[in-house]
Structures are given as structure tokens and as C-alpha cells.
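Subject: Structure handover

Hello,

Please find the structure below, followed by notes on what was found in it.

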Amino acid sequence: MSQQDFNPTLLVEVDTVDRSEEKSRSISQQDFKPVLLVEDDTVDAMAVKKAFEHLRIKNNLVIVTNGEEALEHLRNKDNPRPQVILLDLNMPKMGGIEFMKVAKAEDELRRIPVVILTTSKAEQDRVETFNLGAAGYIMKPMNHNDFIDMMDKIHQYWEMTLFPESY
């Protein structure tokens with residue numbers, strides 16, 4: 001495409017489309033559902049909590065320390081369904097992969113997006129979690145600013161995604 005073929009007017013027209021009603025409708029359908037963090041490491045859990053505060057994420061953060069507690073929380077009808085599950089892999093009692101095998105086999109739980117947050121670089125873990133339906137596999141950054149940036153991107157994911165009303 002040559003310089004003269006470029007039409008900046010078209011970009012302006014696209015950029016000025018008013019989507020505020022569409023955005024408010026999509027946010028109102030799913031706004032502020034809790035986020036379930038399944039993490040046994042207190043420092044990592046606090047880092048996620050601090051990132052929520054820093055980014056002013058309004059979703060309630062529910063923290064459990066292993067897969068068994070996560071299943072108990074999710075199966076309790078008094079608890080609202082989470083927007084997304086942030087899942088560590090290496091935990092006592094029931095690890096992340098074991099949790100996913102159970103959760104993704106249950107009709108009531110399988111559609112909840114699960115994003116893996118881990119220190120594991122193992123290809124086997126990535127393959128297995130994606131085979132089980134993970135929505136993403138993210139390495140935990142060690143740098144504070146990178147951690148905040150990562151949480152912001154995950155937040156943008158669940159904020160922009162239009163989930164079915166019945167999920």
C-alpha cells in the first residue's frame with residue numbers, strides 16, 4: 001500500500017464510533033463478580049491483593065490455599081460464581097492440575113475461565129493445563145512493576161470478555 005492509498009479519515013470514523021452503551025451493557029452483565037485466587041504462597045497472594053488495590057480493581061478477591069478449598073468454595077451455592085479463577089499449580093493437598101481435572105469435569109464449574117499463574121516452566125504442565133481447558137498460562141514475574149502489569153492485562157482480559165449470562 002502506498003502512502004497515497006492511506007486514508008486517515010477512515011481511522012477517525014472508526015475511532016469516533018460511540019460504544020459507551022455497548023460497553024456499559026457488557027460490564028453491567030458481569031461487573032464486579034469475584035475473582036477466585038487459588039494460591040498457597042502468602043507472599044504471592046498478597047502481591048495479587050496489592051495489585052488489585054494498585055489497579056483499583058473493584059472485583060472482590062477471594063483467596064483459598066489449595067484445590068480442595070477452591071472446590072468447596074465453588075460448590076457452595078451461597079458463594080457467587082467467580083469471573084475468573086487465578087490458579088497456582090504447585091500446592092499442598094490438591095494442586096492446580098488435579099483441581100482442573102475435577103472442576104472441568106463438573107457441569108457447574110467447567111465454563112469458569114481458569115488462568116494459570118505459576119513459576120513452572122515445564123512444557124508438560126502447559127500442555128496438560130491447556131488440554132484441560134485453561135484460558136491462559138502465565139509465569140509469575142518476580143519484579144513488582146512487571147507483576148502489576150501482568151495483573152492489569154489479566155484484568156483487561158476478563159473486563160473485555162463477554163461471557164454468556166448463564167455461565
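Helix 3 passes helix 7 in a right-handed crossing; a crossing is right-handed if the near helix is turned clockwise from the far one by less than a right angle, and left-handed if anticlockwise. Helices (H or I, at least four residues) and strands (E, at least two) are DSSP runs, numbered from the N terminus.

Before the rest, a word on the source. This is a predicted model, in which local features need pLDDT of at least 70 and side-chain atom pairs count only at pLDDT 80 or more, while totals for chains, interfaces and linings use all residues. Residues are numbered from 1 along each chain as its sequence is written, and side-chain values use heavy atoms, with hydrogens and water left out.

Helix 3 and helix 7

The axes of these two helices, helix 3 and helix 7, come within 10 Å and cross at roughly 70°. Axes are lines fitted to C-alpha atoms, for helices over the stretch in contact, and angles run from 0 to 180 degrees between N-to-C directions. Helix 3 and helix 7 are therefore roughly perpendicular to each other (65 to 115 degrees; under 35 counts as roughly parallel, over 145 as roughly antiparallel and the rest as oblique). On the helix 3 side, the residues that meet helix 7 are Asp44, Ala47, Val48, Ala51, Phe52, His54 and Leu55. Their partners in helix 7 are Phe147, Ile148, Met151, Asp152 and Trp158. Contact means heavy atoms within 4.5 Å. By class, the contact of helix 3 with helix 7 has nine nonpolar, one polar and two charged residues. Ala, Val, Leu, Ile, Met, Phe, Trp, Tyr, Cys and Pro count as nonpolar, Asp, Glu, Lys and Arg as charged, and the others, Gly among them, as polar.

The aromatic pair

The count comes to one aromatic pair, where rings of Phe, Tyr and Trp (its six-membered ring) pair if their centres lie within 6.5 Å. The rings of Phe52 and Trp158 have centres 6.1 Å apart and planes at 35°, so the pair is tilted (planes under 30 degrees apart count as stacked, over 60 as edge-to-face and the rest as tilted). Phe52 lies in helix 3 (residues 42–55) and Trp158 in helix 7 (residues 144–160), so the pair ties together parts that are 106 residues apart in sequence. Both Phe52 and Trp158 are buried (under 20% relative accessible area; exposed is over 50% and partly exposed in between, with a 1.4 Å probe and protein chains only).

Helix 4 and helix 5

The axes of helix 4 (residues 67–75) and helix 5 (residues 96–103) come within 9 Å and cross at roughly 30°. Helix 4 and helix 5 are therefore roughly parallel to each other, and their crossing is right-handed. Gly67, Ala70, Leu71, Leu74 and Arg75 of helix 4 make the contact with Phe99, Val102 and Ala103 of helix 5.

Two single residues

Thr129, in helix 6 (residues 123–131), is buried, with a relative accessible area of 0%. Residues up to four places away in sequence aside, Thr129 touches Leu89, Ile97, Met100, Ile116, Ala134 and Tyr137. Lys58 sits in the loop between helix 3 and strand 2 (61–64) and is exposed, with a relative accessible area of 63%.

The whole chain

The protein chain has seven helices and five strands. Of its 167 residues, 38% count as buried.

Regards
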